[in-house]
Amino acid sequence: MRSSETLMEKNIAIVMAALSGYTALTETHGSATAANLIDQFIQIVERCLVGDTRIHTTLTL
């Protein structure tokens, strides 16, 4: 390692979560209701984060 290089160590966790029944919910109650559920889910997850942890990105498939 060259003297100008800096060694950086980070602890990371990767979590993938899927909501069971999301397609059926969308078909039955509409996309607005389903989108509201996703917003609520993300808010719950954000309230559970500790320290300097954060959600890096969310994917919608």
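Visitor: What share of the 61 residues in the protein chain is buried?

Guide: In this predicted model, buried residues make up 2% of the chain. The chain exposes about 6100 Å², and carbon and sulfur atoms supply 56% of that area.

Visitor: How many helices and strands does the protein chain have?

Guide: The count is 2 helices and 0 strands.

Visitor: What makes helix H1 "hardly covered"?

Guide: Helix H1 spans residues 22-29. Of its 8 residues, the number that are buried is 0. Just after H1 comes Gly-30, with a positive phi of about 95°.

Visitor: Why is Met-16 called exposed?

Guide: Exposed means over 50% relative accessible area. Met-16 has a relative accessibility of 77%, so Met-16 counts as exposed. Met-16 lies in the segment before H1. Together with Ile-12 and Ile-14, Met-16 makes a nonpolar surface patch of about 450 Å².

Visitor: Why is Ile-55 called partly exposed?

Guide: Buried is under 20% and exposed is over 50%, with partly exposed in between. Ile-55 has a relative accessible area of 30%, and therefore Ile-55 is partly exposed.

Visitor: Where is Ile-55 along the chain, and which residues is Ile-55 in contact with, leaving aside its neighbours within four places in sequence?

Guide: Ile-55 sits in the segment after helix H2, which covers 31-48. With those neighbours left out, the contacts of Ile-55 are Ile-42, Val-45, Glu-46 and Leu-49.

Visitor: What separates the C-alpha atoms of Ile-55 and Ile-14?

Guide: The separation is 9.7 Å, for two residues that are 41 residues apart along the chain.

Methods
Residues numbered from 1 in each chain as written. Predicted model: local features only at pLDDT ≥ 70, side-chain atom pairs only at ≥ 80, totals over all residues. Heavy atoms only, no water. Buried < 20%, exposed > 50% of the residue type's maximum accessible area, 1.4 Å probe, protein only. Helix = DSSP H or I, 4+ residues; strand = E, 2+ residues; numbered from the N terminus. Areas by Shrake-Rupley, 256 points an atom, 1.4 Å probe, with all protein chains shown as cover. Patch = residues over 30% accessible without salt bridge, like charges linked within 9 Å, V, L, I, M, F, W, Y side chains within 5 Å. Salt bridge = Lys/Arg side-chain N within 4 Å of Asp/Glu carboxyl O. Contact = heavy atoms within 4.5 Å.
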